[in-house]
Amino acid sequence: MAGRRRASRSAVVALVLLLVSLVACGGQPTGGSARTALQRVLDRRSTAVLDRDRAAFLKTGALSWFENLRGVPLAAWSYRVTALHRTGDEATADAELRYRIEGYDNAPVTVGRTLTLSRETDGQWHVDADTPAKKSAQQLWDQGEVTVVRGSHSLVLGTGQSSEALHSYADLADHAVPAVSGAWGSDWTGHVVMLVPGSVEGMAGLLGSPASQYRGIAAVTTGEVGGPPNAPADRIIVNPDAYALLGPVGKQVVLTHEVTHVATRAHTDAATPLWLSEGYADWIGYLGTGRTPGEAAPELGRAVTEGRAPRNLPTDKDFGFSGDATKLAQAYEGGWMACRLIAQQWGPERLGQFYRAVGDHKERAGSVEDAMKKVLGTTPEKFRVRWQDYLRDQLG
């Protein structure tokens, strides 16, 4: 009897091991095997995106945004599963999406995605939804079908916009790029990517922030500080609601301003104060427009004539989008007037050298002081006094 009991226990153990083996290999993958199985599905999904293969994409899950990005020129697309949270035949996964736009991105754009999953009868994972992760911004194709327009120096991607409207943005960009290169130099890519959503809410979604922060902002530029050669291309993101309120000159100034941020990115870092980066972008933006200080800096002009001229150059905090609109306008205008002062009294070439010298410092402490001494032969205090006199002279 004792021998039979031992034999019975051995048989049970063998049966359990057999079942575990079957589950791990083909039935209900768990732990690492489930994650590996999902990664294989996402690899097939990525190949389908790059091949524009609708049927192959459907085999991996819901069609979702697949049709929305048909026209986007993709050079790469891949997922990496970072976490899997499973309950039976349903699960959610955290994944890292990496993609590159052909001809523009020297390195992948990396974004977080949340995948909602279910298991089919064949045991394969099925992607029911693929959405931005909780703290990640939307991609343009999350918002609708993307229309693609190519300019001589630009790639314009839009949702909820007519082809005619997107061509107008490309025309503005194609005018801005040579203008920026003429002032700054040609040590940058010489082309830009523009994203034009259907509304300010769409813009906010692309930036992962509340729409209230951008209602009066016509456009912003996103990019990697310091702009190394292997960084993804900057994106100029347009607020079509605010942009539509501008006249022809205003539209060109805004876009040239944003293109300047793209061109100067490699020399813009934590050492660069916003009065310089924003002021320099405005300085190039206004070149050739014929706009006088009184026309281009109305809020600052009003403060000067009312005896409220600022005593100091704008701080970074003054440029906050969520603050007072008048204070924000005065900050931009004050930065522009500072750069205009340098260009007029030291020369445009010296202004560019000063910008580069500040950015090359790598840290904020001493960056402006050292660059002013090296390039302009002055001190921050002397410059501040000269700037105040310049405001009174030009705006008083």
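**Chain overview**

Mentor: The protein chain has 14 helices and nine strands, where helices (H or I, at least four residues) and strands (E, at least two) are DSSP runs numbered from the N terminus. Keep in mind that this is a predicted model, where local features need pLDDT of at least 70 and side-chain atom pairs count only at pLDDT 80 or more, while totals for chains, interfaces and linings use all residues. Residues are numbered from 1 along each chain as its sequence is written, and side-chain values use heavy atoms, with hydrogens and water left out.

Trainee: OK. What share of the 396 residues is buried?

Mentor: 46% of them. Buried means under 20% relative accessible area, exposed means over 50%, and partly exposed is in between (1.4 Å probe, protein chains only).

Trainee: And what does the accessible surface of the protein chain come to?

Mentor: About 18,800 Å², and carbon and sulfur atoms hold 51% of that. The areas come from the Shrake-Rupley method with a 1.4 Å probe, and for residues only the protein chains shown count as cover.

Trainee: How much of the contact count comes from residues 24 or more positions apart?

Mentor: Taking contacts in the protein chain with a separation of 6 or more, 62% are between residues 24 or more positions apart. Contact here means heavy atoms within 4.5 Å.

Trainee: Switching to charges. How many salt bridges are there?

Mentor: The structure holds 18. The criterion is a side-chain nitrogen of Lys or Arg within 4 Å of a carboxyl oxygen of Asp or Glu.

Trainee: Why would such side chains pair at all?

Mentor: Side chains of opposite charge can pair when their charged atoms come close.

Trainee: Which residue does Arg119 pair with?

Mentor: Asp89, through a salt bridge at 3.2 Å, N to O. That pair links distant parts of the chain, 30 residues apart: Arg119 is in strand S3, and Asp89 is in the loop between strand S1 (74–87) and strand S2 (90–101).

Trainee: Are those two buried or exposed?

Mentor: Arg119 counts as buried because its relative accessibility is 10%. Asp89 is at 38%, so that one is partly exposed.

Trainee: What about Asp187, which residue is its partner?

Mentor: Asp187 forms a salt bridge with Arg356, and the closest N and O atoms are 3.5 Å apart. Here the two are 169 residues apart and again link distant parts of the chain, with Asp187 in the loop between helix H4 (163–184) and strand S7 (192–196) and Arg356 in helix H12 (residues 348–359). Asp187 is partly exposed, at 45% relative accessibility.

Trainee: Which residues make up a salt-bridge network?

Mentor: Arg54, Glu67, Arg70 and Glu145 are linked that way. Within it, the side chains of Glu67 and Arg70 meet at 3.1 Å, N to O. Glu67 has a relative accessible area of 22%, so it counts as partly exposed.

Trainee: Which residues form the negative surface patch?

Mentor: Glu90, Glu120, Asp122 and Asp128. Patches are made of residues with over 30% relative accessible area and no salt bridge, with like charges joined within 9 Å and nonpolar side chains (Val, Leu, Ile, Met, Phe, Trp, Tyr) within 5 Å. Lys and Arg count as positive and Asp and Glu as negative, while His and the chain ends are not counted. The place of a charge is NZ of Lys, CZ of Arg, CG of Asp or CD of Glu.

Trainee: Where does Asp122 lie?

Mentor: In the loop between strand S3 (109–119) and strand S4 (125–132). Asp122 counts as exposed because its relative accessibility is 53%.

Trainee: Now backbone. Which residue has phi near 55 degrees?

Mentor: Arg52, and that is a positive value in a residue other than glycine. Arg52 is in the loop between H2 and helix H3 (54–58). Lys362 also has a positive phi, near 75 degrees, and lies in the loop between H12 and helix H13 (367–376).

Trainee: Last one: what does Leu395 touch?

Mentor: Leaving aside its neighbours within four places in sequence, Leu395 is in contact with several residues, including Pro293, Gly294, Val304 and Met337. Leu395 lies in helix H14 (residues 380–395) and counts as buried because its relative accessibility is 7%. Leu395 and Gly294 are 101 residues apart in sequence, yet 5.9 Å apart in space, C-alpha to C-alpha.
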